Amino acid sequence: MGARICTFDCLYCEAGATEALTTARKPYVPADRLLAELAVWKAAGHAAPEAVTLGGLGEPCLNTECEAILRGAKALFPAVPAAVLTNSSLLPDPDVREALFAADIVLPSMDTLVEAEFSRLNRPHPDMRLAAIRQGLLDFRAGYAGRMFLEILLVAGVNDTEENLALLRDFCRELAPDRVDVTTMSRPGAYPGVRAVSPAVRARFRRRSTPCPVPPSTPAMAPPPF
Ligand code: SF4
């Protein structure tokens with residue numbers, strides 16, 4: 001994707017403001033073209049990468065060829081994990097969930113479960129529904145055999161609230177990702193006046209949203225005292 005094409009227009013986006021706010025899935029970057037570039041790169045004799053990650057200037061799941069890209073990357077680099085960064089917004093779509101099953105690692109984001117914060121922070125396309133995205137992530141997790149690293153990005157005065165922390169804590173327990181990464185802004189965002197949270201706030205969210213995985217054969221335990 002040359003332009004910034006996304007389902008969100010996040011305050012904090014380091015790629016800049018979204019140019020095309022859309023939910024329309026299309027072959028924005030054809031798999032053949034991208035895989036040909038990757039093959040040229042491999043033929044140049046570079047050391048194998050640690051991972052091949054689909055990300056970029058927008059939402060990669062908007063690309064209808066993302067599954068073909070993942071499978072092609074794995075064919076080119078069989079020993080290298082194929083990963084996808086996603087804002088999770090298209091996971092309510094079964095076709096998108098199916099496409100992402102081809103990834104070894106999925107890094108979805110969920111910054112807030114408070115509706116007003118979601119609107120203010122992620123500035124989603126009007127067709128987006130937070131409850132559906134939440135459920136889409138859970139549905140994806142239920143059928144996914146790979147690793148999931150959930151990302152929560154905090155912006156000061158927007159989604160660093162107790163209400164969000166409580167909702168994310170419960171959600172992370174239900175989702176049980178392999179890892180939760182709580183981050184904040186490290187570079188200027190797309191819009192002025194957007195600030196990082198303090199290390200203390202970040203640490204508090206990290207501590208309280210990290211799930212305590214329960215092995216399937218182990219009886220459910222009482223939740224830790226928050
Ligand atoms: S979802 Fe990602 S690419 Fe899209 S606007 Fe937000 S930060 Fe930028």
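This is a predicted model: local features need pLDDT of at least 70, side-chain atom pairs count only at pLDDT 80 or more; totals for chains, interfaces and linings use all residues.
1. The volume of the largest cavity is about 60 Å³. Helix 4 (115-122) and helix 5 (130-143) are the elements that give two or more residues to its lining.

2. Cavity lining. Phe8, Asn87, Ser109, Met110, Asp111, Thr112, Phe118, Asn122, Leu130 and Ile133 line the largest cavity. Sorted by class, this lining has five nonpolar, four polar and one charged residues.

3. Helix packing. Two packed helices are described by the angle between their axes and the distance between the axes. Helix 6 (residues 162-175) packs with helix 7 (residues 199-209) at an angle of about 30°. Their axes are 8 Å apart. The crossing of helix 6 and helix 7 is right-handed.

4. Helix contact. On the helix 6 side, the residues are Glu162, Asn164, Leu165, Leu168, Arg169 and Cys172. They meet Arg204, Phe205, Arg208 and Ser209 in helix 7. The residues of this contact divide into four nonpolar, two polar and four charged.

5. Ser88. This residue has phi near 75°, a positive value in a residue other than glycine. Ser88 sits in the loop between strand 4 (82-86) and helix 3 (94-100). Is Ser88 buried or exposed? Ser88 is buried, because its relative accessible area is 0%, and buried means under 20%.

6. Ala176. Here too phi is positive in a residue other than glycine, near 50°. Ala176 belongs to the loop between helix 6 and strand 7 (179-184). Ala176 has a relative accessible area of 29%, so Ala176 is partly exposed.

Note on methods. Residues are numbered from 1 along each chain as its sequence is written. Side-chain values use heavy atoms; hydrogens and water are left out. On a 1 Å grid over the protein atoms alone, a cavity is a set of points where a 1.4 Å probe fits but cannot get out, and a pocket is an open set with protein on both sides within 12 Å along at least five of seven lines; lining residues have an atom within 4 Å of a point. Grid points are joined across faces, edges and corners, and a volume is the space filled by probe spheres set on the points. Helices (H or I, at least four residues) and strands (E, at least two) are DSSP runs, numbered from the N terminus. Ala, Val, Leu, Ile, Met, Phe, Trp, Tyr, Cys and Pro count as nonpolar, Asp, Glu, Lys and Arg as charged, and the others, Gly among them, as polar. Axes are lines fitted to C-alpha atoms, for helices over the stretch in contact, and angles run from 0 to 180 degrees between N-to-C directions. A crossing is left-handed if the near helix is turned anticlockwise from the far one by less than a right angle, and right-handed if clockwise. Contact means heavy atoms within 4.5 Å. Buried means under 20% relative accessible area, exposed over 50%, partly exposed in between (1.4 Å probe, protein chains only).
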